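Here are my notes for you, point by point. Keep the viewer open while you read, and click on each spot as we get to it.

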Amino acid sequence: ASLDAVQFYPETGRRSLVSTLELVRDWCISRQRSWGVPIPVLYNKHTGEPLVSKDLIEHLQKLFQEEGPNVWWEAELSYLLPESMKDLSVEDVERSFDTMDVWFDSGSSWSAVLPKEDGKATQADLYLEGHDQMRGWFQSSLLTSVALQKDAPYKRVLTHGFVLDDKGRKMSKSEGNVIDPHDIIVGNQVQ
């Protein structure tokens with residue numbers, strides 16, 4: 001029902017997104033990587049219990065706003081503790097090294113960037129990406145928005161194709177078959 005009012009360009013995109021949604025399974029929003037947006041959780045080193053309090057969350061929120069998410073990785077553990085938790089020994093505390101799943105992270109971006117009306121984010125006029133984002137950004141944005149607002153985060157979805165190389169393969173940085181935009185703009189001397 002959340003997709004009924006959404007316009008798709010081309011219309012076949014609707015079927016693609018619905019197909020990906022039918023295959024959705026449980027979603028683990030954390031990853032164990034050495035990069036990404038951290039999930040700022042502190043644990044009791046001996047019991048494994050998470051150390052959660054309103055003061056801690058507000059303190060970390062302030063640090064992230066002022067210094068960015070890298071403060072989580074770079075700061076001394078004692079710096080991450082609010083005044084109300086300074087009595088804890090840093091020897092008894094450890095930080096989480098889990099990071100937010102990139103699809104969950106980008107899929108909730110609508111809540112940060114769209115204007116609010118009556119406490120609810122408005123819908124974006126258009127989401128525009130390659131058709132591979134049906135199982136990525138389009139899907140994760142829809143899932144988080146429906147879960148929190150009971151509605152799609154977008155009014156329209158436009159998907160485009162990909163530029164292909166001389167062998168018919170999608171151009172991709174990871175494949176190494178891209179053309180440098182600079183070469184297109186100023187010309188490439190290599191023939």
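1. Let's start at D118, which sits in the loop between β7 (116–117) and β8 (120–121). Helices and strands here are DSSP runs numbered from the N terminus (helices are H or I with at least four residues, strands are E with at least two). D118 is not a glycine, yet its phi is positive, at about 55 degrees. Is D118 buried or exposed? D118 counts as exposed because its relative accessibility is 84%; the cut-offs are under 20% relative accessible area for buried, over 50% for exposed and partly exposed in between, with a 1.4 Å probe and protein chains only.

2. Before you go on, a word on what you are looking at. This is a predicted model, in which local features need pLDDT of at least 70, side-chain atom pairs count only at pLDDT 80 or more, and totals for chains, interfaces and linings use all residues. Residues are numbered from 1 along each chain as its sequence is written, and side-chain values use heavy atoms, with hydrogens and water left out.

3. How confident is the predictor? The chain averages a pLDDT of 88, and 94% of the residues score at least 70; pLDDT is the predictor's confidence in each residue, from 0 to 100. Within the chain, β1 has the highest confidence, at 96, while strand β2 (residues 30–31) has the lowest, with a mean of 66. Where pLDDT is low, the predicted coordinates should not be read in detail.

4. Now find the sheet. It is open, with three strands in the order β1-β10-β9 and parallel pairing; two strands pair if DSSP finds at least two bridges between them. At the edges are β1 (7–9) and β9 (127–130), each of which pairs on one side only. From one strand to the next, the twist averages 15 degrees. β1 runs parallel to β10 (residues 156–160), and three bridges join them. Look for Q7, which stands opposite R156 in β10.

5. Which helix packs on the sheet? That's α7 (residues 137–149), which touches β9 and β10, and its direction makes about 145 degrees with that of β9. Contact means heavy atoms within 4.5 Å, and angles run from 0 to 180 degrees between N-to-C directions, with axes being lines fitted to C-alpha atoms (for helices, over the stretch in contact).

6. In the loop between β1 and α1 (12–22) you'll find P10, and the peptide bond from Y9 to P10 is cis, with omega near -5 degrees. K150, in the loop between α7 and β10, is a residue other than glycine with a positive phi, near 65 degrees. K150 counts as exposed, at 65% relative accessibility.

7. Next comes Q123, in the loop between β8 and β9. Q123 is partly exposed, at 28% relative accessibility. Its side chain has a polar atom 2.9 Å from the backbone oxygen of A152, and the side chain also reaches the backbone oxygen of Y154 at 3.4 Å. Q123 and D151 are 28 residues apart in sequence, but 8.7 Å apart in space, C-alpha to C-alpha.

8. Finish with D165, in the loop between β10 and α8 (181–186). D165 counts as buried because its relative accessible area is 10%. A polar atom of the D165 side chain lies 2.8 Å from the backbone nitrogen of K167. Leaving aside neighbours within four places in sequence, D165 is in contact with M171 and N177.

How values were computed. A polar contact is a pair of N or O atoms within 3.5 Å; within protein, one must be able to donate a hydrogen and the other to accept it, and residues adjacent in sequence count only if both atoms are side-chain atoms.
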